[in-house]
Amino acid sequence: MGREEYQALVANAQKIVVKVGTSTLTHKNGKLNLEQIERLVRQLSDLRNQGKDVVLVSSGAIGAGMGKLNLEQRPKTIPEKQAVAAVGQGILLHIYEKIFSEYGQATAQLLLTKADLEHRQRFLNARNTLLTLLNLGVIPIVNENDTVAFEEIKFGDNDTLAALVGTLIDADLVILLTDIDGFYNGDPRKNKNAHRISVVETINEEIEGLAGNVGSKFGSGGMITKITAARIAVNAGIPLMIGHGAEENIIRKLTSGADVGTLFLPIEMKPHLRKCWIAFGSHIGGRIMVDDGAREALLHKGKSLLPSGIVAVEGDFSAGAVVQIVDSQGREFARGITNYSWLELNKIKGQKSKDICPILGYKDYDEVIHRDNLSLLL
């Protein structure tokens, strides 16, 4: 794919999710950077004026609360974060609403937790709400619900949340604005020879290895979380870009195809929404290890998972659960909805489908995971 095709990929994006990090929204002391927020709002409003749909995924609630409470260090415990976010969330949204209204834009707030997307019906409810808001010309402002989230249900960072919101609404582009101007082959703050990678065609082990834990003291993410977000987006068929939030007109530059930031290219075939939910939104109940033959059949032959290819089963899950599928080295390459529980699978693993009934006394399905309920992670 040439540079012209890259430009067309992002320039033609109609539905765009923009995530802005705490480090972009706040000064070094943690207080809100109002000038930076105004620049961000102006650029997003201009996208709306072009007729594009825009969703803003915004960090900064904890940072805003820190500024109000004059805290110098980011809180460490979940209760402290929840309390500071409760103070800051209203401040942040009030500022957004005020500035967006000056540009003639209506906004709405959505606070999400991971559990909202793990539950299929709540996932669809969130999707319908967001799409309806976009149809009404509203700019939704999404954040993790820090005030009620706890460790088991936290997204962990808004990079992941932005990618999941992108899959939720079938976005055409996800943009992550941070305090680094793209993905580098090293930490540019420590290595002067590190250079920006303009385009990442495939997220492989080498790319993952380059992602060091680069973050600011007020943010929760780093380059690792951005690679995780990029993997979610590109596997959902959505291009993702990383850019420096403080760069002048960065959103216009990114969406026009200028050679700034880093573009992660999506897979060519965009999967169905249901498969995106299986892969990235659902709760994982356990995992199934398969042999090399089953891996080949699933990855390259479009087959369903049969009991004969199963080597081992981990977890305590029921039929209907979403499970990870890993190879003989323990590397995950797919997820799917299982037709059998872990107890049943431990009895029929390695067996032919025709032997399921003699072993269990019944047979509901020939397949452990049907192809239609399987999502590959490329």
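What radius of gyration would a compact globule of 378 residues have, and what does the protein have? The globule would come out near 21 Å, and the protein has 22 Å, which agrees. Please keep in mind as we walk through it that this is a predicted model.

Let's begin with the overall picture. The C-alpha trace spans about 70 × 45 × 45 Å along its principal axes, and the secondary structure comes to 15 helices and 15 strands. Of the 378 residues, 53% count as buried. If you take the contacts between residues at least 6 apart in sequence, 73% of them join residues at least 24 apart.

The accessible surface of the protein comes to about 16700 Å², and carbon and sulfur atoms account for 48% of that. There are 43 positive and 44 negative side chains, and the centres of these two sets lie 2 Å apart.

Leaving aside neighbours within four places in sequence, Val17 is in contact with Val55 and Val57, with Ala162, Val165, Gly166 and Ile169, and with Ala171, Leu173, Val174 and Ile175.

Is Lys226 buried or exposed? Lys226 has a relative accessible area of 4%, and because buried means under 20%, this lysine counts as buried. Not counting residues up to four places away in sequence, Lys226 touches Lys19, Asp159, Leu176, Thr178 and Ile242.

Finally, a word on the backbone. Most residues other than glycine have a negative phi. Two residues here are worth a look against that background. Asn70 is not a glycine, yet has a positive phi of about 60°. Asn70 lies in the loop between helix H4 (61–69) and helix H5 (78–102), and is exposed, with a relative accessible area of 57%. Asp170 also has a positive phi, near 55°, and sits in the loop between helix H8 (158–168) and strand S5 (173–178). With a relative accessible area of 27%, Asp170 is partly exposed.

Methods. Residues are numbered from 1 along each chain as its sequence is written. This is a predicted model: local features need pLDDT of at least 70, side-chain atom pairs count only at pLDDT 80 or more; totals for chains, interfaces and linings use all residues. Side-chain values use heavy atoms; hydrogens and water are left out. Helices (H or I, at least four residues) and strands (E, at least two) are DSSP runs, numbered from the N terminus. The radius of gyration is taken over C-alpha atoms; the globule rule is 2.2 Å times the number of residues to the power 0.38. Buried means under 20% relative accessible area, exposed over 50%, partly exposed in between (1.4 Å probe, protein chains only). Contact means heavy atoms within 4.5 Å. Accessible areas come from the Shrake-Rupley method with a 1.4 Å probe; for residues, only the protein chains shown count as cover. Lys and Arg count as positive and Asp and Glu as negative; His and the chain ends are not counted. The place of a charge is taken as NZ of Lys, CZ of Arg, CG of Asp or CD of Glu.
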